[in-house]
Amino acid sequence: MLGKDLLGLRDTSAEDIMLILDTAVGMKKLLTQNLKKLPHLQGRTVTTLFYENSTRTRCSFELAAKYLGAGTVNISASSSSVQKGETLIDTGRTLDAMKNDVIVIRHPMGGAPRLLAQNVRASVVNGGDGINEHPTQALLDFYTMREKFGSFKGLKVAILGDIKHSRVAKSNLFGLVKLGAEVTMFSPATLMPQGIGRMGAKIASSREEALAGANVVMGLRIQLERMQGGLFPSLSEYAKYYGVSEEHLSLADRDHIVMHPGPVNRGVEFTSAVIDGESSEIEGQVLNGVAVRMALLFLLCKNRQGGKDNA
Amino acid sequence: MRKLLIRGGEAVFGGRVERADILVEGNKIAAVGTNLPAEGAEVIEAAGLTVFPGLIDMHVHLREPGFEYKEDIASGSAAAVAGGFTQVCCMPNTDPVCDNAAVVGYIAARAKQVGLCKVHPIGAITKGEKGETLSEMGKMKEAGAVAVSDDGRPVADARIMRLAMEYASGFGLICLSHCEDKSLADGGVVNEGYSGTLAGLKGIPRAAEEIMLAREIILAETLGKRVHICHVSTKGGVQLLREAKARGVAVTAETCPHYFTLTDDVIASFDADTKVNPPLREEEDVAAIRKGLQDGTLDCIVTDHAPHHADEKNVEYDLAAFGISGLETSFALSYTALVKGGLMSLSALADKMSGAPARILGLEGGEIKAGGAADLMLADLNEEYVIDSKKFRSKGKNTPFDGRKVWGAVKYTIVDGEIKFRA
């Protein structure tokens, strides 16, 4: 069963993933009934510790905690302060001393949540670490897929975009492989990491191959800094050869859905017609994100009851 | 004159291992034979022990001057003799950089004062290790430098490197090259490949090492000069060296125990003690390094002893310092992997860890022979133990080998005829 922390889906079992998704169903029901003052986490404190900018993930965690009755604290540290200020371990110990129950951390460096988790008694949730993992984003993606398709067995998921720098792609891959889905990836070769094939992804050689028969078409954000770093020449060239338009979507399964972790670059990863199209679940993902995070916070805090932390 | 008799040990000579008594007088080996007279000599009963020529590590970082919180010449020398080393060569990335005769002289003098092992400074190739202008190699040589290197800040400009190889040769100095094209390494922290992608850590491609390695070979070949390649870690690098040696290029090369005992799957723990430059590679690289040691493509084993303070490792992987504290594990790791592992003889191991570095740098020692320097190391090869960094003499406890079972415990280290370490 779910341990103290959620650091990534690489180390999370299919059973735990399903437990979180199942728990989220009830949470979403409450949310859609506009019941947003629940008692589940009364007396608990959830702190978000973000070393990178974020709107939706941070807001989603904070609302999830508040809807369940927890107290919330938000700490922003600019990533430059990582280099010169207090060490992560010292920051974690300080937060621990204040009796936090859960620390949600976002950090520009892979493995930082693990380092924190090893040094604090609070539960640690990875809110995205460098190019490593973003497990709650993947969980909300899974929730969205299951809501639409019911099962993951044989589900064809096409992931297009900057795979190399995408923690979302990695967490999705780790989880989807465990759940029985088929993952196909496509990107310019400069944005494809080495060894991803050995992790269970199929690397498509063309956009058409990636999209053929896909149930889920997932785009990943292209960051401007990658272009400045020379990994591809221009946004318009990217859009032309790697972006997805309505026409391309005709290759996907008729019943497909379109997903994107956001924020979207309109006209780059997807055309606006795709983003706003009938098959787009992009907004639905956001609501599901709150439900999934409510479920996760609830389960982690439930685990803590009677544990050594309450002693 | 002080006398020391090492009686009844198995002595490792070039090409053979034989029971022999070794009589030391002053700082020289006076005689090697059987039933040597013990009169007037302190006797070490070495039955059951193996006597090696004192180990020589031509690539260590002693951190003094400037970074004494990581290591200093005293603690580094203590670690060296505990590891069986009688001579070490220290890299110039100190503060100030060891790029002039004054710093070379300071290190040499400080090491003499400490008086444990012989410490040979390596001077910087360029002033400040900036890669721009050659340092005063002649003056550094006179002050005691045995080679030149910009080590972790490799000379990026091929013209400067060419000039360095040419100029250094005039003083009988060899350039030691840490091969790393920084533009390709691009801020990476682990090997580029499956494990790096799995952990979400930025990769350093093998090409970053191999491209500069190829450059050094081509420069040495076209100039007819010598060059020595530091800490080879890749299969492709071994292949480049093998081909170059076959053509007769005057290139020599070293590797480190971690490159033939560890693969990069250990980074999954995010334990920063696994962070080292060049990074730990994959199974096929480890196999190629072993093969390269076996067939002579790789001449010697060094530690690249890189001690760091715990606070520099107990941070995010990206922020952690590169390097492994290696002096106190090198012999056992090498003996266990290479000799116990059936890849080479004791004589061959002694050559990798003593004879070859002595030849490459023109140092005394490196073999057991009458008239030679009385630099010796005695080990119990039948002792199995667990590596425990808490027991290191080095200030740097940063090792990925904590808890590993190894064979071969260093029992005595004798430098210039004096026992400098006794287990």
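Q: In this predicted model, in what kind of crossing, left-handed or right-handed, does α1(B) pass α2(B)?
A: The two helices to look for are α1, residues 73-82 of chain B, and α2, residues 101-114 of chain B. Follow α1(B) as it passes α2(B), and the crossing is right-handed.

Q: Which residues of α2(B) make the contact with α1(B)?
A: Start on the α1(B) side, where Ile73(B), Ala74(B) and Ser77(B) take part. By class, this helix contact has five nonpolar, one polar and one charged residues. On the α2(B) side, the residues are Ile107(B), Arg110(B), Ala111(B) and Val114(B).

Q: Are α1(B) and α2(B) parallel, perpendicular or oblique to each other?
A: Two packed helices are described by the angle and the distance between their axes. Here the axes lie 9 Å apart, and the angle is about 60°. An angle of 65 to 115 degrees would count as roughly perpendicular, and one under 35 as roughly parallel. The two helices, α1(B) and α2(B), are therefore oblique.

Q: Which helix of chain B gives the largest share of the side that touches chain A?
A: Now to the contact between the chains, which takes 22 residues from chain A and 16 residues from chain B. By class, the chain B side has eight nonpolar, five polar and three charged residues. Its largest share is four residues, and they come from helix α6 (residues 194-199) of chain B.

Q: What ipTM does the predictor give the complex?
A: For chain B, the mean pLDDT is 98, and 100% of its residues reach 70 or more. For the complex, the predictor gives a pTM of 0.94 and an ipTM of 0.89.

Terms used. Residues numbered from 1 in each chain as written. Chains lettered and ligands numbered in written order. Predicted model: local features only at pLDDT ≥ 70, side-chain atom pairs only at ≥ 80, totals over all residues. Contact = placed C-beta atoms within 7 Å. Nonpolar A, V, L, I, M, F, W, Y, C, P; charged D, E, K, R; others polar. pLDDT = per-residue confidence, 0-100. Axes fitted to C-alpha atoms, helices over the stretch in contact; angles between N-to-C directions. Parallel < 35°, antiparallel > 145°, perpendicular 65-115°, else oblique. Left-handed = near helix turned anticlockwise from the far one by under 90°.
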